[in-house]
Every structure is written in structure tokens, then in C-alpha cells.
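Please work through each task before reading its solution.

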Amino acid sequence: MAEIIDGNAIAEEIKAEIVAEAGKLKEKGISPGIATLLVGDDFGSRMYRKQVERNCESVGFNYIERTLPAETTEEEVVKVVQELNDDPAVSGILPLRPFPEHISDSAVINTIRVDKDIDCFHPFNMGRLMLGEPTLTPCTPAACIELLERVGVEFEGAEIVVVGHSNIVGKPVAMLALNRNANITVSHIFTSQAGNLAKHTCGADILIVAAGKAGLVTADLVKDGAVVIDVGINRVKVLDDEGNPVTNEKGKPKTRTVGDVDFDNVKDKTRAITPVPGGVGAVTNMILLGNALTAAKMQAGLE
Ligand code: NAD
């Protein structure tokens, strides 16, 4: 019987640890704070911002919101990042992407102080990760590792296959696992196009999927007894028994969130698997808070 890894419960455990540590820091006069930086009004970014604000509140962190109009120049945005760098109430800066087209990601990210880079996008922190000496770890990749550790996975010598090679998830999660002495294979769209995806995934003791393609990983791509971490977040139409879209009261198709793994058909083959929603996402949110806590400690000379 497969273990359905309860990301929400693990997130609650991590939250309790963060609250306990934040309490100890408060006695030393240190209170962590996260600043979000939004340029424009991208819907997804606004949703994420609200969630970060709520999460900060739930653990007693300060929350600082900086929102700039879409027409703000790159120079002005960089200046705001410098202000946040200098603000002692801000332990971590979270740039909400995508930025408007005239603002380059690297101009903003390379300006963030490396000890306030709580999403770990700065090349310095990425380099530390590569060297096996991470201080602040990228949130979603770290959430995958945290989930695997909490279900008691042995990394040393394990065959880990990562599907997806983005800078945000695939590459850094592969590096975190390699730093734990696992044997890593990274597959991606060109692996699929060459017809080789199953060849790799079927050998995986641990399969981490971050492709953004609903239903990509079917049961025939998974080894019996594997542990599967599904990072994907996809909105798909709800279908009735005949395969027709179900509509809501406004006549629009109903949608639901699914991962990249065909959960219902894959789960019984696995030793453990994360659901979507209720898996990686919930833990990712807590890793961000944990990074802000670490950043606050570093800035106070405690780490
Ligand atoms: P991305 O689009 O930057 O990268 C997708 C990767 O998947 C690429 O490496 C691509 O080559 C690979 N890929 C695409 N189609 C493939 C196929 N058919 N076969 C094999 N590989 C394929 O996406 P991303 O930012 O890495 O995010 C991936 C998914 O994870 C998305 O669904 C995203 O929403 C989700 N995500 C979740 C969290 C979370 O906290 N749960 C955080 C970040 C991203």
C-alpha cells in the first residue's frame, strides 16, 4: 500500500519548528521579515504575494509589500531593491516574476544582497549550491528534498531521475540530490522527443517530476516501489464519465489542479507519492519562511 505523502501535515510540522525558533530569536531582539517586490499586476504573482503575506502573519514575521507600476524603469526597480537591501526590517527579498519585458531578471536578481536572497536565484547562491555549500537553498527543490528526508529515503547511491531541467526546479533539485551522493539522471523535453523518457524513469528509485505537463508520467514510466515527488501544477478541465467538460453555474468549464503524474494509476505502484495539491507546494511555502529565518540569523551574525 503506497504512502500518500501528506505535504500539508509536513508543512505544519515545519511551521511549528519555525515558530519555535522565531520565538528564541525574538528574545534576542531579532524578528525576520520578508519583502515582496511586484512590478505590474500579474495575476499569479498577486495571488502568490497574498499567500506570502498570510504565511508571514501565521508565524509572526514582518511582511513588507513593495508594488511598482508596470512602467517603472529598470533603474528605478534596481533602486528599490537597494533600499530593501539596506532596510534592517527586511531579512529576505522575494522578487515576484514575471517582470514586465523591459526589466531583465538578472538586473534585479543580481542586485539582491546574497544574504537576503531567500529564493536563491542569485548566481552566488546558485554557485554555493553547485559547490555543495548552500546557505540559502532554492525553495521548491529544497521542499522536494525535505519531503524525501521526512519519509526516510536513503540518498546515498539511490537512482534519482529528475524530469525537467529548469533553473528554478530541475537543475537545483538534481544538484541537492547529487550533494547527498545519489546517482542523478536529468531528463527533459529532448529526452521525450528522442523517445527515451521511459528508459530513464523506469530505473528510478526516486522520481522527481517538474515538467508542467498534466498526465506526463503514466504507470508504465514508474518502477515498482519507487518514491514519486510530483512538482507540477497544471489546471485541467473537469470531465464527466463520457469525457465531456463539466460546466459551472456560469456555463464556463470547471477546472481543477493536477500534477504531472497520473496519480490515480501510478500511486499503487509506488512506495510513496506526493499528491497535487497537498504535496510539494505546501512545503515550498514553509521553506521560504525557513530561509527568511536563516537570513535573519546570518544578518545578525548568528550563522
Ligand atoms: P519550466 O517550464 O521552466 O521547465 C519545464 C521543464 O520540463 C523543462 O526542463 C522541459 O524540458 C521539461 N519538459 C517539458 N515537457 C516535457 C516532456 N514532455 N517530457 C520531459 N520533459 C519535459 O517549468 P518549471 O518552472 O521548472 O516548473 C515545472 C512545473 O512545476 C510547473 O508545472 C510549475 O507550475 C511547477 N512548479 C511548482 C512549484 C511548487 O512549489 N509546487 C514551484 C515551481 C514550479
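**Exercise 1: The core**

Leaving aside neighbours within four places in sequence, Ile 229 is in contact (heavy atoms within 4.5 Å) with Ile 5, Cys 144, Leu 147, Leu 148, Leu 207, Ile 208, Val 209, Thr 274 and Val 280. The model is predicted: local features need pLDDT of at least 70 and side-chain atom pairs count only at pLDDT 80 or more, while totals for chains, interfaces and linings use all residues. Residues are numbered from 1 along each chain as its sequence is written, and side-chain values use heavy atoms, with hydrogens and water left out.

Solution. 
1. A nonpolar core is a set of buried Ala, Val, Leu, Ile, Met, Phe, Trp, Tyr and Cys residues joined through side-chain atoms within 4.5 Å; buried means under 20% relative accessible area with a 1.4 Å probe, protein chains only.
2. The largest such core has 59 residues, and Ile 34, Phe 61, Ile 160, Ile 208 and Ile 229 have the most contacts inside it.
3. Helix α11 (residues 280-299), a DSSP run of H or I with at least four residues, gives the most to this core, with 12 residues.

**Exercise 2: The cysteines**

Task: Explain why Cys 120 and Cys 139 are too far for a bond.

Solution. 
1. A disulfide requires two cysteine sulfur atoms within 2.5 Å.
2. The closest cysteine sulfur to that of Cys 120 is in Cys 139, 8.2 Å away, which is too far for a bond.
3. The structure accordingly holds 0 disulfides.

Definitions and conventions: Buried < 20%, exposed > 50% of the residue type's maximum accessible area, 1.4 Å probe, protein only. Helix = DSSP H or I, 4+ residues; strand = E, 2+ residues; numbered from the N terminus.
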